[in-house]
Structure formats: structure tokens, C-alpha cells
Amino acid sequence: MSMKVFEEIDWITEESKEFALYWRGLDYDQLVPRRSKFDPTKIVSLLPGIQIYEVISETEIISRLAGTNLAEQMGTELTGRNLLDFYPEDTRAQAGQIMLELTRRPCGIITTLTGTAESGQTVRTISVGFPLLDECDNCNRLVFYSNGFEGNGARDARTDQIRQLGVERSTFINLDFKPTPSN
């Protein structure tokens with residue numbers, strides 16, 4: 001997977017760019033801001049597409065907060081669920097390794113995801129994610145913004161749930177820049 005610096009990223013949508021700039025503008029004195037500094041109410045228009053994960057291991061990525069649009073588009077509640085349960089068995093390990101890499105390196109990611117519904121219809125979304133520190137300064141949280149959910153036809157998400165996610169393309173985002181902490 002390629003790695004680009006923040007300034008080289010094509011954010012694809014204005015909302016994705018707004019989310020990325022909000023994350024980058026958080027008050028922090030390390031490479032990664034604390035979860036407590038991330039206030040979703042500061043980006044109210046993006047709230048329905050925000051999701052926060054706790055990375056426990058490469059096999060357990062638990063959703064701790066999921067915006068209403070995400071739950072509606074997936075056709076199921078996401079909070080408390082393991083993200084990897086939505087990936088097919090043959091790609092689950094790779095997806096887990098990528099999510100773990102975001103916290104270990106640390107780095108951000110922009111990815112195009114494809115969701116396959118029970119009916120076989122597919123939807124596509126753009127997701128942008130960045131790491132966060134927990135209250136003990138462990139880098140084990142990820143915050144994502146997803147939007148788009150463009151489909152190949154009319155799909156009623158309430159009755160036609162997304163059963164599988166796949167990655168169409170991804171780019172890691174290098175976070176190695178000097179933040180300017182606000183005092």
C-alpha cells in the first residue's frame with residue numbers, strides 16, 4: 001500500500017477533507033492527539049458518518065461509537081461489533097493487520113470500500129481514518145469518517161443489510177509533520 005504525505009492526498013469529497021483538517025487541527029503535543037481532544041460535536045454535519053474503534057488486537061477491532069448514517073447504510077447497529085466480522089474470511093486477517101498498522105506506525109488512511117448487501121447489490125463509500133491516543137497515551141483508538149454510499153441501484157438498507165466489506169483501494173497517510181500546539 002502506498003504512503004503519501006497529508007498535502008498530497010486527494011480527499012475525493014469536501015466532507016472527507018473537512019474531517020481530515022479537523023483531526024489535523026486538534027490540540028496535541030505528540031504525533032497523535034488524545035481521544036479526549038476529539039469532539040465530534042465540533043463537526044456536527046459529519047456526525048452521522050463518524051465511527052470510533054478500539055483496536056484490541058489484529059483480530060478484534062471494536063466499534064465504540066457509530067454515526068446514525070453508518071448504522072442505517074449497513075442495516076444494523078455497529079456499536080459494540082467487531083469491524084472484522086464484516087470482512088470475508090479470506091481478507092479478514094489482512095484488514096486486521098492494516099487497522100493495527102494505523103495504530104502502530106502510526107498513520108492515517110483513505111480508502112474506498114465496497115459493501116455487498118444480502119441481495120448482491122454493492123455500495124461504495126470513501127473512508128478516512130486517523131489514530132488517537134487513549135487516556136494512558138496508548139495509541140489504540142481509530143476515528144473514521146465515511147461518506148458516499150453510492151450504489152448500483154435502489155436498495156432499502158433496512159431490509160437489505162451489508163454483509164461483507166471489501167477494499168477497492170487504500171493509501172496510508174504519513175502523519176510526520178510538526179503540529180503547532182495551541183496553548
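Me: Which residues of helix 1 are buried?

Reply: Start with the word: buried means under 20% relative accessible area, exposed over 50%, partly exposed in between (1.4 Å probe, protein chains only). Helices (H or I, at least four residues) and strands (E, at least two) are DSSP runs, numbered from the N terminus. In helix 1 (residues 14-24), the buried ones are Ser16, Phe19, Ala20, Tyr22 and Trp23.

Me: Why do the buried residues line one face of the helix?

Reply: An α-helix has 3.6 residues a turn, so residues three or four places apart point the same way. Looking down the axis of helix 1, you find its buried residues within an arc of 160°, so they line one face. That arc is taken from the directions from the helix axis to the C-beta atoms.

Me: How far can I trust what I see?

Reply: This is a predicted model, where local features need pLDDT of at least 70, side-chain atom pairs count only at pLDDT 80 or more, and totals for chains, interfaces and linings use all residues. Residues are numbered from 1 along each chain as its sequence is written, and side-chain values use heavy atoms, with hydrogens and water left out. pLDDT is the predictor's confidence in each residue, from 0 to 100. Where it is low, the predicted coordinates should not be read in detail. Here the protein chain has a mean of 90, with 93% of its residues at 70 or more.

Me: How many residues does the largest nonpolar core have?

Reply: A nonpolar core is a set of buried Ala, Val, Leu, Ile, Met, Phe, Trp, Tyr and Cys residues joined through side-chain atoms within 4.5 Å. The largest one has 27 residues, and Met99 and Leu102 have the most contacts inside it. Helix 3 gives the largest share, five residues. A second, separate core of 23 residues includes Trp23 and Ile126.

Me: And how do I describe two rings that meet?

Reply: A pair of aromatic rings is described by the distance of the centres and the angle of the planes. Rings of Phe, Tyr and Trp (its six-membered ring) pair if their centres lie within 6.5 Å; planes under 30 degrees apart are stacked, over 60 edge-to-face, the rest tilted. The whole structure holds eight such pairs. Take Phe19 and Phe38: they sit edge-to-face, 6.4 Å centre to centre with 70° between the planes. Phe19 is in helix 1 and Phe38 in the loop between helix 1 and strand 2, 19 residues apart. Both are buried.
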